[in-house]
Amino acid sequence: MSAETAPSNLKKPSAAALPTLLFILFINLVGFGIVVPLLPFYAKSFNASAWQIALVFSAYAIGAFFGEPFWGRLSDRIGRKPILISTVCGNCLCYLAMAFAPNIAVAFLVRLLGGMASGNGSVVQGYIADVTPGDKRAGRLSLLGAANNMGFIVGPALGGLLAHPSAGHVGFRIPLLVCAVFSAISALSIMLFVKESRHRSARFLHQPSRWDVLGSALSHPIIPRLMGVTFLAGCAFTGIESCFGLWTQARFDWGPQQVGIAFAIVGVVSAICQLFLVGRLSRRFGEARVLAAGMALMATCSLLQPLSAGGAETIVLLAMAAFGQSIAWPNVAALISRNVDIDHQGQYLGLNNATGALARVVGPSIAGVGFSSLTVNAPFLLAGLTVTPAIALAWSARRRRGQTYVGDKADAPAASFAGETID
């Protein structure tokens, strides 16, 4: 029996469950968006050197790299809800600690722990996969991507309004305290409105080790291809993001205002596409085909960007590349959830998200070296070349009709592991 034909005696989730989960990821990205533009000034308030500022920047991604698989695996074992409450509360405490950090070393440690606490995307994805029929998962997961994009739009604007760098270190406390308040509200919402999606049983108490899971993932016929798509697409687009301001300054003499407007437009376009297009396209054409098309769109727009003349043309190409990249996140997650054992969805989704976190460290480094050592157009050329293999990887992830894999229980009855479904 598939999840689409699950028994009708399953509980329906509360009406506030999905909005609460979206709010969690929205807050994650609002906090990220508030802090990232302010980090150089925040770190300078401690008289930090350039390498220390760079280290604080990378701490968040490093923390997420370790947090995603850890929380995903633990949520498979003890349930999604307690992990969500714990990580959001941890994030709240990290914002408070960062607001009152006495020096740059403490700020780095807090940022590292904050990245680990914010690495709960795999838990949210696992919850959605637990309670959503297989053919609708890409659409539901695309809503999470839209929440991410909206958070990244709101965050920088809110941080700019609330921060007062001229006041020194104290001037950064208000935006950080606002992030802490948002996280506290999110944790309370989880307690009140989100029901547990997994019933604890003996089989959940004896999870394989993380190394066994990694070995199983790498030997799976589909999962390594999907993780490859995540890594390649993540490297490419984060490389573009990190150098876009420098590139537009070198080519068109743009300043922070023009770059900020460009990223705001990109975020709005990506959010709208994820809200209204990704789910429909995935249901009609299949996740793998849509994923391959998204990678092709991203590669094409990246390679065309060096030819743009500035203005609207540059923003349109960037927005189209962002849309191609934004297709990856929900469709990769949906394909992983449908191709692995239902008992370990959080672990596999966590590994994939950790791969994305690693890409956020590697991509900007490669793009930065290319920009400074080769040509100012290198980030876009490298992005296009990097994403091209991902097209083939995505296309090869198609499941042929009637094809199954060893241990594949992704479409087993939802009643065997979940207490609620989202139709």
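Select Arg 80 and Asp 76 to begin: both residues are buried. The model is a predicted one. Side chains of opposite charge can pair when their charged atoms come close. How many salt bridges does the count come to? The count is one salt bridge, with a cut-off of 4 Å between the side-chain nitrogen and the carboxyl oxygen.

Next, select residues 312–338, helix H13, together with residues 345–373, helix H14. The axes of H13 and H14 lie 10 Å apart, and the packing angle is about 145 degrees. The crossing of H13 past H14 is right-handed. To see what makes the contact, pick Trp 329, Val 332, Ala 333, Ile 336 and Ser 337 on the H13 side. On the H14 side, pick Gln 345, Tyr 348, Leu 349, Asn 352 and Asn 353. Colour this contact by class: six residues are nonpolar and four are polar, while none is charged.

Colouring the contact of H9 with H14 by class gives 16 nonpolar residues, 10 polar residues and one charged residue.

Technical notes: Residues are numbered from 1 along each chain as its sequence is written. This is a predicted model: local features need pLDDT of at least 70, side-chain atom pairs count only at pLDDT 80 or more; totals for chains, interfaces and linings use all residues. Side-chain values use heavy atoms; hydrogens and water are left out. Axes are lines fitted to C-alpha atoms, for helices over the stretch in contact, and angles run from 0 to 180 degrees between N-to-C directions. Helices (H or I, at least four residues) and strands (E, at least two) are DSSP runs, numbered from the N terminus. A crossing is left-handed if the near helix is turned anticlockwise from the far one by less than a right angle, and right-handed if clockwise. Contact means heavy atoms within 4.5 Å. Ala, Val, Leu, Ile, Met, Phe, Trp, Tyr, Cys and Pro count as nonpolar, Asp, Glu, Lys and Arg as charged, and the others, Gly among them, as polar. Buried means under 20% relative accessible area, exposed over 50%, partly exposed in between (1.4 Å probe, protein chains only).
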